[in-house]
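Have a look at the picture first, then read on.

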Amino acid sequence: MNLPAKLIIFFWCHELSVCMDEPSRKIFNGIKASEGQFPSVVYVKTYEDSYTSYMCGGACKKLLFEINLMYFYFHFTVLTLRHILTAGHCVVERMDNKKPILYDRIDIFAGGTDVYLFLQLQYDQKVILHENFGYYQNTKIPVNDLAIIKTEYAFSETSTVKVAQLPEHQTWMGAILTVPGFGMTENSELSQYLLYINMKIVHNEECKAAKQSNKSPDAVLCVISTDAHRTQGLCTGDSGSPMFLQGSNIIVGVHSFSMKNGTHSCLTSKNYYGTNVFFFNSWIKKMIELTESHRRLYDGIEAKPKQFPSMVFVKAIINNDDKRFFRCGGTCEFDVFAGTVNVLNFTERRYSAKVFVHPHYKFINLAIPINDIAIIKTFNPFPESSFIKVAQLPIKKTLVGDIVTSVGWGKMQNDTYTDNLLFVKMKTVNNKKCEVQKALHDDNDAIMCISGRGAIKTEGVCFGDSGGPSFRYDTNIIVGITSYVHVDKSIKCSTTQPQCVTNVLHYIEWILVTWAL
């Protein structure tokens, strides 16, 4: 099965060496964020070498630590559970003959608003700096200031760790943005707590002049504080901070640089500048796709033993040749295996005594199954244990927006099948594409449409996941059965089209009657 957890995370760079001014001192007069208010924000520590230690929030303040590492603090925002988006200069240690030299190591902390109380930690596996990143004409103004960090393992999604959304259109002038960060405070110390301020997008003369430093002026956003007295602002340690559209989790910008204003760059009447995420949407999506090319098609998470004890593996033998069989994830074929998450290590095997296919099962358009549900009765029952348990049938309707967990042993992007059971968290949708699919069925309630939840929908089900269950999130209640998915021109499973599952509740009467036979 092919699934996600990609969350792109934005990080704040506590080093504003890219600014044209003196080191700033913080998100000035920021409001303390509440727990879970910005679940897509993470806190990052970078390591430069193995000899000296630095705590950096702009211009670096040298400190000596026993760990003998030079490290800097930054910020990120989560776009997928394994991908972090940030300002490009935040991953660059230095420039060597105009060639960027990246930090040796990046640690990413998530799940909290207190730098000492983060709940999750992941390490970088790959850093992707925009290929045209650089500085304008020997200044400290960065251009194409964007980077993506891929983590070694996926973050776990919780109430305090969630995926941010990419913008679907250009954000208008005057729009209000909310910018969180752990930058320095009025007492010139890095904030222990996540703070935030509101800003608005402008397009004044200063903005026009600054955009000339970029070959693509639309790549830059200009923002100013909404505070009329200019007592709030971004500062040292806030580089890379995400700029969310107010009241949403949509990331429209990444803080890049600011201009000096008199003696205090943090309380500037001038503009602050961010990288325009919408301008780089295609690049972001392409980089994530490229970094996932060697993994599962939809970034599935490996299931743990006993995690899905109601899941079985089914295969149909063709001409008694055990090397030729079809995979099906739970309710469709003839040899049924149970008791483990690995297809090579099942502890129980049963043979089908009878197969009950829905009496109105059929295909339309040569590919789309209708009334796609069946029951297999085995000769002998499975023994119930901590590895094998009976699933529950639903008694109430699954609503649009509900979270479900889809499970399977389907195909991966390298065209091989996974040996280990994978799962992905999806959400139910009812958009126009879904309505088109529902109209093909005898009853619109016969199917449900599910979709990935991330800004970039890279998760879903694929070949070999047919018949696999979709459980109501965090329960053993089976609400859907994987029916069919769409494929694109390269014959790969599409994540932009509806992924259709049979609605179990719609067939509850037939299931109960057939069960009794």
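## Strands that pair up

Ile481 has Thr502, in strand 34, as its bridge partner. Before going further, note that this is a predicted model, where local features need pLDDT of at least 70 and side-chain atom pairs count only at pLDDT 80 or more, while totals for chains, interfaces and linings use all residues. Residues are numbered from 1 along each chain as its sequence is written, and side-chain values use heavy atoms, leaving out hydrogens and water.

Strand 33 (residues 478–484) and strand 34 (residues 499–503) are antiparallel and share 4 bridges. Two strands pair if DSSP finds at least two bridges between them; helices (H or I, at least four residues) and strands (E, at least two) are DSSP runs, numbered from the N terminus. Strand 33 is also joined to strand 32 (residues 469–472), again antiparallel, by 3 bridges. Here Ser470 has Gly480 of strand 33 as its bridge partner. The hairpin of strand 32 and strand 33 has 5 residues between the strands, and Asp474 takes a positive phi near 65 degrees there.

How many residues of strand 33 are buried? It's 7 of the 7, so strand 33 is largely enclosed by the rest of the structure. Buried means under 20% relative accessible area, exposed means over 50%, and partly exposed is in between (1.4 Å probe, protein chains only).

Now for helix 4 (residues 508–515), whose buried residues are Trp510, Ile511 and Thr514. They sit on the same side of helix 4 because they cover an arc of only 100 degrees around the axis; that arc is taken from the directions from the helix axis to the C-beta atoms. Glu509 and Val513, on the other side, are exposed. Strand 25 and strand 28 (374–378) are among what covers the buried residues of helix 4, where contact means heavy atoms within 4.5 Å.

Strand 25 (residues 348–357) is also the place of Val357, which is partly exposed, at 47% relative accessible area.

Most residues other than glycine have a negative phi.
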